[in-house]
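Me: I have a protein model to study. Could you take me through some pockets and charged pairs in short steps?

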Amino acid sequence: VLDNVPSAVFVSAVSDRRLLYANRMARELFPKMDLTGAACYTVAGFEEVCPFCRAEKMSRSELLVREYRHPVDHRTYQLSGKLIDWAGEEAHVEYILDVTDRRREEERLKKSEQEMTAAFESISCGLCVYQVEGGEIVPLFHNRAFYEIVGYSEGNARRVERETSYLNVHPEDLEPLKEKISALLENGGVMRDTYRLWNDREQEYRWIHLEGTVRTHSDGRRLLYGVYSDVSEQERLKKELTAANEKMEDIVNAIPGGVAIYKVSDIFETVYFSDGVPELSGYTVEEYRELIKGDAARLTYPEDSAMVVEKLHEAIRN
């Protein structure tokens with residue numbers, strides 16, 4: 001059985017470090033394994049006790065795990081040892097794994113992650129990565145810009161790093177945001193939402209725009225990527241523009257008669273009309289909106305149509 005385990009296994013006596021057993025992989029790993037009655041450290045290529053030996057610190061209940069980089073072959077080995085009874089003699093068993101390639105891959109991934117994190121930190125918008133576990137969203141990464149945008153206090157920032165609780169979202173915007181994220185997790189695709197978030201530093205609600213997408217990776221993990229932007233200024237301008245338009249429309253609607261705007265080509269296409277225009281014509285707003293689809297000149301009395309159109313074109317020419 002031990003000849004087929006994926007690690008080198010050897011057993012040595014505690015009293016004199018005499019080698020008692022070695023499996024097939026251990027014999028392949030240590031070329032001097034055939035030295036009869038040799039000490040385990042001699043077999044391993046050392047003249048004295050191995051620098052990684054910790055037999056005196058081992059117990060019978062738990063494995064003592066450590067790593068050692070061999071100075072000759074420059075490979076890294078993981079060693080796991082404990083005390084056992086071997087044919088009535090106290091001994092220690094050691095399981096040895098060559099983890100060089102694994103450690104190199106881990107270092108490569110760590111370097112890649114560091115480079116990726118540095119790139120993410122330079123992005124001006126907030127970038128977050130969450131792991132989807134069932135119905136839960138577990139935070140994995142937030143870049144520096146995210147904290148600058150949301151303005152969380154130090155305590156709230158630590159809380160956001162541990163859990164996703166929609167912290168500081170305006171009560172009126174909370175349920176719509178949750179519904180959109182739930183739909184994203186269930187159906188995939190892309191979600192977009194603009195909502196109010198209380199900024200602890202500014203002591204005010206700020207408008208945050210979130211775009212999110214879900215991806216399933218080769219290892220089976222589902223990750224939610226979120227991009228956050230502060231759109232408070234855009235929302236303020238939009239609100240001011242809406243208010244200005246409403247004010248202008250109130251002024252226009254107060255003008256006696258009606259006001260209309262037409263785009264002129266070979267026809268007169270109605271771009272805008274005030275409430276007074278339908279009132280003059282005797283139609284409701286809804287009826288008039290249907291009538292002006294196409295050439296508005298057709299609404300003129302037939303005997304007057306050519307004259308009105310000519311006058312309008314003359315005004316445009318001059």
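Reply: The questions below cover a predicted model.

Me: How many charged residues are in the lining of the second largest pocket?
Reply: The second largest pocket is lined by 18 residues. By class, 15 of the lining residues are nonpolar and three are polar. The count of charged residues there is therefore none, since charged means Asp, Glu, Lys or Arg.

Me: Which residues lie nearest the centre of the second largest pocket?
Reply: The space in this pocket is about 330 Å³. Elements giving two or more residues to its lining include α9 (285–291) and α10 (302–317). Nearest the centre lie Y262, Y288, A296, L299 and T300.

Me: How many residues apart in sequence are the parts tied together by D101 and R75?
Reply: The side chains of D101 and R75 meet in a salt bridge, at 3.5 Å from N to O. D101 lies in helix α3 (residues 100–121), and R75 in the loop between β3 and β4, so the pair ties together parts whose separation in sequence is 26 residues.

Me: Is R108 buried, partly exposed or exposed?
Reply: R108 forms a salt bridge with E105, with the closest N and O atoms 2.6 Å apart. Both lie in helix α3, about one turn of the helix apart. Buried means under 20% relative accessible area and exposed means over 50%. R108 has 47%, so it counts as partly exposed.

Me: Which residues form a nonpolar patch on the surface?
Reply: One member, V65, is found in strand β3. Together the patch residues have about 260 Å² of accessible area. They are L63, V65 and Y95.

Key
Residues numbered from 1 in each chain as written. Predicted model: local features only at pLDDT ≥ 70, side-chain atom pairs only at ≥ 80, totals over all residues. Heavy atoms only, no water. 1 Å grid on protein atoms, 1.4 Å probe; cavity = no way out; pocket = protein on both sides within 12 Å on 5 of 7 lines; lining within 4 Å. Points joined across faces, edges and corners; volume = space filled by probe spheres on them. Helix = DSSP H or I, 4+ residues; strand = E, 2+ residues; numbered from the N terminus. Patch = residues over 30% accessible without salt bridge, like charges linked within 9 Å, V, L, I, M, F, W, Y side chains within 5 Å. Areas by Shrake-Rupley, 256 points an atom, 1.4 Å probe, with all protein chains shown as cover. Salt bridge = Lys/Arg side-chain N within 4 Å of Asp/Glu carboxyl O. Buried < 20%, exposed > 50% of the residue type's maximum accessible area, 1.4 Å probe, protein only.
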